[in-house]
Amino acid sequence: MKNRLKDRIALVTGASSGIGEATALALAEQGAKVAIAARRKDRLDLLAAKLAGLGAEPLVLVADLALEAEAQRIVKETEAHYGRLDILVNNAGVMYLEPVAEADLGRWRHMLQLNVLSLIASTQAALAGMRVRRDGHVVNISSVAGRVANPNAAAYAATKFGVVGFSESLRREVYKDNIRVSVIEPGMVDTELRDHVGHEASRRAVNARAGEMRQLQAEDIADTILFCVTRPDYVCINEVLLRPTDQER
Ligand code: NDP
């Protein structure tokens, strides 16, 4: 089935690689117009060319989303460009794994700002228009780490448990405005995410763990998001937890 998102306007954060890139393509394949945000302009431009080929009339938004003001700006620019925003996919994130006793708090502050505060800021910016139109869908990317806390992942878990809690509170505040909120909790996905783990022993450990399993692909998460945003508007998929078959915890 094609064109299930015809005339829908989406914004995907963290679209320059991995899950965000696959999601932007999946939404475009179903007819959505798609704005894409991240820091790497070259990667966004490459994706924009593919999206344009699908008729998605892409809008490239280069932004450092560790800054709340930038998270709000990209929402406002999307609305100004297309006239509204229907689907906000809050996907941009980093995973800085390290033991608490050795943790670099500057790194963790950055992760909290990006994974939590900016997600809150972009959501807040989108709500005003969604409320007026009584139409909108916010999809927040959490993680298995938002349901299961593992050693070496204390602050990452804090951000992803935070996203789960935020999403459910938000849903209960806005369901009467016909705004849907979905939170997605993937297990191990084969993306660049682990490359940015600065603590060497933790990076080695997580890569070794990934090597023991058949990982999820970014397209698997994009499919899941697509499922959520293509339900009839009386159906709200609140939460999806998905792991590789081979992943125990
Ligand atoms: P990637 O590293 O491939 O993608 C992360 C995206 O976030 C990139 O597009 C990156 O773009 C963007 N990003 C990072 N920092 C910033 C910033 N300061 N400002 C703007 N954009 C930024 O990893 P994934 O696709 O795996 O990650 C996407 C989401 O999925 C994250 O929230 C992650 O926590 C979550 N997740 C991933 C899992 C996995 O195993 N891979 C499992 C569970 C959840 P750029 O660098 O160009 O700015």
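Begin by selecting I74. Setting aside neighbours within four places in sequence, I74 is in contact with L11, T13, A37, L61, A63 and L65. The model on the screen is a predicted one.

I74 belongs to the largest nonpolar core, which holds 41 residues. Within this core, the residues that touch the most other members are L11, L61, I74, L85, L97, M111 and M130. Colour the contributing elements one by one. Two or more residues of the core come from each of the strands β1 (9–13), β2 (33–38), β3 (59–62) and β6 (179–186), and from each of the helices α3 (68–82), α4 (105–133), α5 (154–174) and α6 (200–211). The largest share, eight residues, is given by α4. Apart from this core lies another one, of 37 residues; A38, A56, V89 and I141 are among them.

Now select residues 18–29, which form helix α1, together with residues 41–53, which form helix α2. Two packed helices are described by the angle between their axes and the distance between the axes. Here the axes of α1 and α2 come within 10 Å and cross at roughly 20°. Angles under 35 degrees count as roughly parallel, and α1 and α2 are therefore roughly parallel to each other. Their crossing is right-handed. To see where the two helices meet, show the side chains of E21, A24, L25 and A28 on α1 and of R43, L47, K50 and L51 on α2, which make the contact. Sorted by class, this contact has five nonpolar, three charged and no polar residues.

Is R8 buried or exposed? With a relative accessible area of 18%, R8 is buried, because buried means under 20%. Leaving out residues up to four places away in sequence, R8 touches A32, K33, R84, D86, I87 and D135.

Select D7, which also lies in the segment before β1. D7 is partly exposed, its relative accessible area being 47%. Its backbone deserves attention: most residues other than glycine have a negative phi. D7, although not a glycine, has a positive phi of about 70°.

For the last stop, where is N178 found? N178 sits in the loop between α5 and β6. N178 is not a glycine, yet it has a positive phi of about 65°. At 26% relative accessibility, N178 counts as partly exposed.

Notes:
Residues are numbered from 1 along each chain as its sequence is written. This is a predicted model: local features need pLDDT of at least 70, side-chain atom pairs count only at pLDDT 80 or more; totals for chains, interfaces and linings use all residues. Side-chain values use heavy atoms; hydrogens and water are left out. Axes are lines fitted to C-alpha atoms, for helices over the stretch in contact, and angles run from 0 to 180 degrees between N-to-C directions. Helices (H or I, at least four residues) and strands (E, at least two) are DSSP runs, numbered from the N terminus. Angles under 35 degrees count as roughly parallel, over 145 as roughly antiparallel, 65 to 115 as roughly perpendicular and the rest as oblique. A crossing is left-handed if the near helix is turned anticlockwise from the far one by less than a right angle, and right-handed if clockwise. Contact means heavy atoms within 4.5 Å. Ala, Val, Leu, Ile, Met, Phe, Trp, Tyr, Cys and Pro count as nonpolar, Asp, Glu, Lys and Arg as charged, and the others, Gly among them, as polar. A nonpolar core is a set of buried Ala, Val, Leu, Ile, Met, Phe, Trp, Tyr and Cys residues joined through side-chain atoms within 4.5 Å. Buried means under 20% relative accessible area, exposed over 50%, partly exposed in between (1.4 Å probe, protein chains only).
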